[in-house]
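Have the structure open in a viewer as you read.

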Amino acid sequence: MAVSSISTVSYAAWTYPSANTMSPRVEQTAKGRALEEDTASTDDPKTTSASEESSSAEAGPKRADGTPMAPEEIQLLDQLKQTDREVRQHEMAHQTVGGAYTGGASYEYEVGPDGKRYAVAGEVPIDYGPVPNDPQATIEKMQTVIAAAMAPADPSPKDHQVAAQARQYLLEAKLEASMQRSEMEQARSDGAAVTASADESAAGEQSLEEQAA
């Protein structure tokens with residue numbers, strides 16, 4: 001049987017900007033700054049505000065080295081998380097509907113600014129070849145394959161291609177099944193005719209024997 005695959009090509013084509021991994025610069029204080037500014041009370045509103053901002057930054061997403069992420073990195077991380085969810089849902093839809101005709105999903109990953117891997121493309125192998133010498137089994141199989149190919153909310157071009165090929169096999173199998181039924185009906189009809197002819201011959205012979213008697 002031919003084995004092909006349903007692939008999320010649209011996801012593989014998505015690209016993301018490179019993350020800015022440079023830490024914010026820490027500028028040195030000017031030499032001419034007054035001594036009293038260096039020793040300002042922690043109750044000063046400006047100092048308190050800076051402390052709150054620092055606490056807020058520490059509570060946000062962190063890089064792999066534990067430092068706070070820049071806004072661009074946080075946006076990239078959100079994109080990667082969303083893509084990961086969509087890719088996995090896409091492949092799970094294929095597997096759930098395809099059942100025994102599908103294999104395990106494989107993924108391509110991108111490492112996020114947090115050091116974790118996120119799926120950005122996926123693929124599920126699927127057997128969509130016809131069943132040899134069994135058109136009825138092929139019909140049932142192709143119906144499942146078509147449903148599996150189109151199961152995701154956003155079927156890819158490859159998904160449509162597999163579904164189209166399965167529909168072709170489905171039509172061929174239906175035609176073959178119809179021909180087989182016609183042949184069987186013809187055979188039964190021919191058998192019935194032969195039986196009727198034999199019965200008539202037997203009846204004719206019996207009549208002749210009765211007349212001879």
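How many bridges join strand 2 to strand 3, and do these strands run parallel or antiparallel? Six bridges join them, and the two run antiparallel; strands count as paired if DSSP finds at least two bridges between them. Before going further, keep in mind that this is a predicted model, where local features need pLDDT of at least 70, side-chain atom pairs count only at pLDDT 80 or more, and totals for chains, interfaces and linings use all residues. Residues are numbered from 1 along each chain as its sequence is written, and side-chain values use heavy atoms, with hydrogens and water left out.

Back to the hairpin. Strand 2 covers residues 106–111, and five residues lie between the two strands, with Gly-115 taking a positive phi near 85°. Across the pairing, Tyr-109 stands opposite Ala-119 of strand 3. As for strand 3 itself, eight of its 11 residues are buried, so it is largely enclosed by the rest of the structure. Here buried means under 20% relative accessible area, exposed means over 50%, and partly exposed is in between (1.4 Å probe, protein chains only).

Zoom out for a moment. The chain has six helices and three strands, in the order β-α-α-α-α-β-β-α-α from the N terminus. These elements are DSSP runs numbered from the N terminus: helices are H or I with at least four residues, strands are E with at least two. Of the 213 residues in the chain, 25% are buried. If you look at contacts (heavy atoms within 4.5 Å) between residues at least 6 apart in sequence, 65% join residues at least 24 apart.

Now for the tyrosines. Rings of Phe, Tyr and Trp (its six-membered ring) pair if their centres lie within 6.5 Å; planes under 30 degrees apart count as stacked, over 60 as edge-to-face and the rest as tilted. By that rule there are two aromatic pairs. In one of them, Tyr-107 and Tyr-109 have ring centres 6.3 Å apart and planes at 55°, so the pair is tilted. Tyr-107 is partly exposed at 22% relative accessible area, and Tyr-109 is partly exposed too, at 34%. The other pair, Tyr-128 with Tyr-169, is also tilted, at 6.4 Å centre to centre and 35° between the planes. Tyr-128 sits in the loop between strand 3 (117–127) and helix 5 (135–149), while Tyr-169 belongs to helix 6 (residues 157–212), so this pair ties together parts that are 41 residues apart in sequence.

The charged end of Arg-88 sits over the ring of Tyr-107, 4.8 Å from its centre, and that of Arg-117 sits over the ring of Tyr-109, 4.0 Å from its centre. To qualify, NZ of Lys or CZ of Arg must be within 6 Å of the ring centre and within 35 degrees of the ring normal.

What about the interior? A nonpolar core is a set of buried Ala, Val, Leu, Ile, Met, Phe, Trp, Tyr and Cys residues joined through side-chain atoms within 4.5 Å. The largest has 14 residues, of which Ile-126, Ile-139, Val-145, Val-162, Ala-166 and Leu-170 touch the most other members. Helix 5 and helix 6 each supply at least two residues of this core. A second, separate core of six residues includes Met-69, Leu-76, Leu-77 and Tyr-118.

Finish in helix 5 with Ala-148, which is buried at 0% relative accessibility. Its C-alpha is 4.7 Å from that of Gly-98, although Ala-148 and Gly-98 are 50 residues apart in sequence.
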